[in-house]
Amino acid sequence: MAERSHYPCAWCGEELGEPCASGAHDVCLFRMVVGSVAHLEHRCSCYLPGATETDAPGLTKREAAEATVIVWQRLLDSPPLSALDEC
Ligand SMILES: [Zn+2]
Ligand SMILES: [Zn+2]
């Protein structure tokens with residue numbers, strides 16, 4: 001009878017599963033804060049005028065967000081999610 005609650009992620013739009021104070025997956029929040037993989041690797045228009053590099057084509061927004069976390073960890077060698085609220 002009760003309709004199943006739906007909590008779409010603010011970034012990727014995929015189901016969160018349960019309400020979350022941040023309104024997005026941890027990886028998606030991280031992606032919103034740090035920018036795309038291209039941005040982290042200085043291949044985006046912030047660093048190269050006219051550059052169109054952004055999230056990798058063929059990835060969902062969530063997959064691209066996960067890729068951002070991996071690149072960030074590689075760059076900084078530190079756990080990036082520790083600063084974010086647990087979902
Ligand atoms: Zn998400
Ligand atoms: Zn950028």
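A helix and its neighbours

A: Helix α1 passes α3 in a left-handed crossing (the near helix is turned anticlockwise from the far one by less than a right angle; clockwise would be right-handed). This is a predicted model: local features need pLDDT of at least 70 and side-chain atom pairs 80 or more, while totals for chains, interfaces and linings use all residues. Residues are numbered from 1 along each chain as written, with chains lettered from A and ligands numbered from 1 in written order.

The axes of α1 and α3 (lines fitted to C-alpha atoms over the stretch in contact) are 8 Å apart, at an angle of about 70 degrees. That makes α1 and α3 roughly perpendicular (65 to 115 degrees). Where do α1 and α3 meet? From α1 come V27, C28, F30, R31 and V34, and they meet R62, A64, A65, E66, T68, V69 and W72 in α3 (C-beta atoms within 7 Å).

Now for α3 itself: this helix (a DSSP run of H or I, at least four residues) covers residues 61-76, 16 residues in total. From first C-alpha to last, α3 reaches 22 Å, close to the 22 Å expected (1.5 Å times one less than its number of residues).

Its A64, A65, T68 and W72 are buried (20 or more other C-beta atoms within 10 Å; exposed is 12 or fewer, partly exposed in between). They sit on the same side of α3 because they cover an arc of only 100 degrees around the axis (going by directions from the axis to the C-beta atoms). Covering these buried residues are elements including α1 and α2 (37-40). On the face turned away from the buried side, α3 carries exposed I70 and R74. After α3 comes D77, with a positive phi near 55 degrees.

How values were computed: Helix = DSSP H or I, 4+ residues; strand = E, 2+ residues; numbered from the N terminus. Contact = placed C-beta atoms within 7 Å. Axes fitted to C-alpha atoms, helices over the stretch in contact; angles between N-to-C directions. Parallel < 35°, antiparallel > 145°, perpendicular 65-115°, else oblique.
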